Amino acid sequence: GVLYEAEDAIMWLGKVKKAFPGFTGSGYVHMAKRNDWVEFQNVDGNDSGRCKFTFRYSAKNSNGEIPCEITINGESKGIMIFPRTGTNWDSYSTDSFESDCLPGKNVVRVTVRKNIFGPHMDNLVVSS
């Protein structure tokens, strides 16, 4: 698959941080509250029309899960739950889903949909 670093993506209200080790690249995106988003642009859908999206993130929220809306090319693909990854923000995990994608370039956005700390988004790996 092809790896896209979150810190290279476009974000709304999120901030690139380096406080918690274990991330890939030069940092992660701290999504602090409801409606914060990170948008990966120019995501290569290859020729398949079907893609697997694997997000690497950390989450320490006490309620145990963070609901985020996933949109691809502006179309909602539903809510993806990012489960708690550990007792500290430096515990990273991955979670995946499959969806249709366009051949060539795609735009993938992850938006926090609950008024809680969002995940620390590290990267996205896309495979067909």
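**Questions on a predicted model**

Visitor: In which strand is the place of Asn 106?
Guide: This is a predicted model, in which local features need pLDDT of at least 70, side-chain atom pairs count only at pLDDT 80 or more, and totals for chains, interfaces and linings use all residues. Residues are numbered from 1 along each chain as its sequence is written, and side-chain values use heavy atoms, with hydrogens and water left out. A strand here is a DSSP run of E, at least two residues long, numbered from the N terminus. Asn 106 belongs to strand β10.

Visitor: Is Asn 106 buried or exposed?
Guide: A residue is buried under 20% relative accessible area, exposed over 50%, and partly exposed in between, for a 1.4 Å probe and protein chains only. Asn 106 has a relative accessibility of 2%, so this residue counts as buried.

Visitor: Which side chain does a polar contact of 2.8 Å join to that of Asn 106?
Guide: A polar contact is a pair of N or O atoms within 3.5 Å; within protein, one must be able to donate a hydrogen and the other to accept it, and residues adjacent in sequence count only if both atoms are side-chain atoms. Contact in general means heavy atoms within 4.5 Å. Leaving aside neighbours within four places in sequence, Asn 106 is in contact with residues including Phe 40, Ile 72, Asn 73 and Cys 101. The side chain at 2.8 Å is that of Asn 73.

Visitor: How many disulfides does the count give?
Guide: A disulfide is a pair of cysteine sulfur atoms within 2.5 Å. The sulfur atoms of Cys 51 and Cys 101 are 1.9 Å apart and form such a pair. The sulfur of Cys 68, by contrast, is 20 Å from the closest cysteine sulfur, in Cys 51, which is too far for a bond. The count comes to one.

Visitor: How many residues apart in sequence are the parts that the pair Cys 51 and Cys 101 ties together?
Guide: The torsion about the S-S bond of Cys 51 and Cys 101 is about 60°, so this disulfide is right-handed. Cys 51 lies in strand β6 (residues 50-58), whereas Cys 101 lies in the loop between β9 (92-100) and β10 (105-112), so the separation of the tied parts in sequence is 50 residues.

Visitor: In β10, which residue is the bridge partner of Cys 68?
Guide: Two strands pair if DSSP finds at least two bridges between them. Five bridges join β7 to β10, and these strands run antiparallel. Cys 68 is buried, with a relative accessible area of 0%. The bridge partner of Cys 68 in β10 is Val 112.

Visitor: Over how many bridges do β6 and β11 pair?
Guide: Six of the eight residues of strand β11 (residues 120-127) are buried, so β11 is largely enclosed by the rest of the structure. Four bridges join strand β1 (residues 2-5) to β11, and two bridges join strand β4 (residues 28-30) to β11. Thr 54 has Val 125 as its bridge partner in β11. The antiparallel bridges between β6 and β11 number seven.

Visitor: How many residues has the largest nonpolar core?
Guide: A nonpolar core is a set of buried Ala, Val, Leu, Ile, Met, Phe, Trp, Tyr and Cys residues joined through side-chain atoms within 4.5 Å. Among the residues with the most contacts inside the largest core are Phe 40, Phe 53, Met 121 and Leu 124. Leaving aside neighbours within four places in sequence, Leu 124 is in contact with Phe 40 and Phe 53, among others. The number of residues in this core is 27.
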